[in-house]
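Here is a short briefing on helix packing, nonpolar cores and a few loop residues. Please look over the model before reading on.

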Amino acid sequence: MRILLIIPAYNEEETILKTIRSVEQFKEVHKNDYSYTIDYVVINDGSTDKTQVILNEHQINSIHLVMNLGIGGAVQTGYRYAEKNKYDIAVQFDGDGQHDIRSLDAVVQPIIKQQADFVIGSRFLPNEKTAFQTTFMRRVGIRILSFLIYLSSGKKIYDVTSGYRACNREIIAYFAKKYPTSYPEPESTVHLLKKKFTIKEVAANMRERSGGQSSIRAFTSVRYMFEVSLAILVSSFMREGD
């Protein structure tokens, strides 16, 4: 099994090197423990700070976008890279240090064992909540979005905004061609449920970001919640191919 970590980065000069070092250390410690290999690609999403300089100086495998596409465009670039290079599993892994690489095996095992097509690393599974739970207001917002996805699909997803996600080859090919740009995590989950892919959530450890700013720092705003809720509902009614 060949696994690719897709690491989107926008103005992550404070964190990206630490994130890559944590991945490299994990690979070295566990090189004989698992039946898969781990590669990574950083998608530099038109950063205006020193992110590109750092990536080039340390010869980190990366793709530099000439303009900021947003998280959806950056991640889709990673899926296209994964498809072109024939990876078996792709894992979205944040460049800001929030995702704990030590949870990687738990996230990919359901795919390796063919128990799921798509796995979400979750902070909010019942009886398996992880230490970092984000703010109260964000948790409220996530519960609302979770309820909307349940209404539209009948499937309960507890951590609808988690960016720690893994998928198999079939979904890699699908995302390489079609991936939401505005609110990619909840929207893409709805698309996969509509296409009857098997989705599984597993507990994954996450941390507060150690630098930079969140791309969804307006999460608790009324406008954000309205727009992402509308996007979920619209996605649930769209025909595949629209």
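At what angle do helix H7 and helix H8 pack, and how far apart are their axes? H7 (residues 184–194) and H8 (residues 222–237) pack at about 20 degrees, with axes 9 Å apart. This is a predicted model: local features need pLDDT of at least 70, side-chain atom pairs count only at pLDDT 80 or more, and totals for chains, interfaces and linings use all residues. Residues are numbered from 1 along each chain as its sequence is written, and side-chain values use heavy atoms, with hydrogens and water left out.

**H7 against H8**

- The angle makes H7 roughly parallel to H8. Angles under 35 degrees count as roughly parallel, over 145 as roughly antiparallel, 65 to 115 as roughly perpendicular and the rest as oblique.
- Axes are lines fitted to C-alpha atoms, for helices over the stretch in contact, and angles run from 0 to 180 degrees between N-to-C directions.
- Helices (H or I, at least four residues) and strands (E, at least two) are DSSP runs, numbered from the N terminus.
- The H7 and H8 crossing is right-handed: the near helix is turned clockwise from the far one by less than a right angle.
- From H7, Pro186, Glu187, Val190, His191 and Lys194 meet Val228, Ala231, Ile232, Ser235, Ser236 and Phe237 of H8. Contact means heavy atoms within 4.5 Å.
- By class, this contact of H7 with H8 has 6 nonpolar, 3 polar and 2 charged residues. Ala, Val, Leu, Ile, Met, Phe, Trp, Tyr, Cys and Pro count as nonpolar, Asp, Glu, Lys and Arg as charged, and the others, Gly among them, as polar.

- The axes of H6 and H7 come within 12 Å and cross at roughly 125 degrees. That makes H6 oblique to H7.
- Ile171, Tyr174 and Phe175 of H6 meet Ser188, His191 and Leu192 of H7. The residues of this contact divide into 4 nonpolar, 2 polar and no charged.
- H7 is largely enclosed by the rest of the structure, because 10 of its 11 residues are buried. Buried means under 20% relative accessible area, exposed over 50%, and partly exposed in between (1.4 Å probe, protein chains only).

**Nonpolar cores**

- In soluble globular proteins, nonpolar side chains tend to be buried together.
- A nonpolar core is a set of buried Ala, Val, Leu, Ile, Met, Phe, Trp, Tyr and Cys residues joined through side-chain atoms within 4.5 Å.
- The largest nonpolar core has 37 residues, of which Tyr79, Phe118, Phe175 and Leu192 touch the most other members. H8 gives the most to this core, with 5 residues.
- Phe175 touches Gln76, Tyr79, Phe118, Arg165, Ser188 and Leu192, not counting residues up to four places away in sequence.
- Apart from this core lies another, of 31 residues, including Ile3, Leu5, Ile16 and Ala166.

**Loop residues**

- Lys196 lies in the loop between H7 and strand S7 (199–203). Its phi is positive, about 70 degrees, although Lys196 is not a glycine. Lys196 counts as exposed, at 72% relative accessibility.
- Gln114 lies in the loop between helix H4 (104–112) and S5. Its phi is near 60 degrees, also positive in a residue other than glycine. Gln114 is exposed, with a relative accessible area of 73%.
- His99 lies in the loop between strand S4 (89–92) and H4. His99 is buried, with a relative accessible area of 3%.
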